[in-house]
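Please look through the chain below together with its model.

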Amino acid sequence: MTKAEPRNIGIVLEKPKQNCNDMKCPFHGHLSMRGRQFTGTAISTKMRKTAVIEFERLHFIKKYERYEKRRTKLKVHNPECINAKDGDIVRIMECRPLSKTKNFVIIQKLGSEKGFKEKMELREAAKVLAKKEEETKPEKKGEQ
Ligand SMILES: [Zn+2]
């Protein structure tokens, strides 16, 4: 008789509208949340029920008394009912280790990042460029 309501996971947020049978879902499974929370962008969602999330943090450099931006990448669980796609901004929260590399789970989709595709394309282009430079370096040494 009782309709399967999403579980209360202890923090106030919008619950997913969909239902799911994912055991590792914080709303419909038996996974409990604790620890740190981050907001990041999904940069890869090709793996089944797993997403790669990236966010920027500021790292202080004493010598220059300035901050630099550093990127953090995390593998997180992507529950069926949330099903985040590339470019989605998501809230993630720490949980028990779900696999060798996963101990965070997506708890909310906050929208999609503007210009995500362009950003990733730029990054790809930069990677190709860096690779080319690396390939040409030894040649230059050999010439001398
Ligand atoms: Zn679910």
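This is a predicted model: local features need pLDDT of at least 70, side-chain atom pairs count only at pLDDT 80 or more; totals for chains, interfaces and linings use all residues.

Because 17 other C-beta atoms lie within 10 Å of its own, Lys 49 counts as partly exposed, which places it between the limit of 12 or fewer for exposed residues and that of 20 or more for buried ones.

Arg 48 lies in this loop too, between strand S1 (33–44) and strand S2 (50–61). With 6 C-beta neighbours inside 10 Å, Arg 48 counts as exposed. Arg 48 is 41 residues from Ile 89 in sequence, and their C-alpha atoms are 18 Å apart in space.

## How the strands pair

S1 and S2 pair in the antiparallel sense over 3 bridges, and within this pairing Ser 44 has Val 52 of S2 as its bridge partner. S2 is also joined to S3, again in an antiparallel arrangement, by 12 bridges, and here Leu 58 stands opposite Lys 69 in S3.

The hairpin of S2 and S3 has 4 residues between the strands, and in it Glu 65 takes a positive phi near 50°, a value that again belongs to a residue other than glycine. Glu 65 is found in the loop that leads from S2 to strand S3 (66–77). Is Glu 65 buried or exposed? Glu 65 is exposed, because 7 other C-beta atoms lie within 10 Å of its own.

## The nonpolar core

The largest nonpolar core has 18 residues, and those with the most contacts inside it are Val 76, Ile 92, Val 105 and Ile 106. The elements that give two or more residues to this core are S2, strand S4 (88–95) and strand S5 (104–112).

Which residues does Ile 92 touch once its neighbours within four places in sequence are left aside? Ile 92 is in contact with Val 76, Val 105 and Ile 106, and also with Gln 37, Phe 38, Gly 40, Ile 53, Phe 104 and Ile 107. Over the protein as a whole, 19% of the 144 residues count as buried.

## The fold as a whole

The secondary structure comes to 1 helix and 5 strands, and from the N terminus on the elements run β-β-β-β-β-α. The radius of gyration of the protein is 20 Å, well over the 15 Å that the globule rule gives for 144 residues, so the protein is more spread out than a compact globule. The C-alpha trace spans about 80 × 35 × 30 Å along its principal axes.

The protein is divided into domain 1 (1–113) and domain 2 (115–144), and the centres of these domains, taken over C-alpha atoms, are separated by 31 Å. Among contacts between residues at least 6 apart in sequence, 54% join residues at least 24 apart.

Technical notes:
Residues are numbered from 1 along each chain as its sequence is written. Domain bounds come from an automatic or database domain assignment. A nonpolar core is a set of buried Ala, Val, Leu, Ile, Met, Phe, Trp, Tyr and Cys residues joined through C-beta atoms within 7 Å. Two residues are in contact if their C-beta atoms, placed from the backbone, lie within 7 Å. The radius of gyration is taken over C-alpha atoms; the globule rule is 2.2 Å times the number of residues to the power 0.38. Two strands pair if DSSP finds at least two bridges between them.
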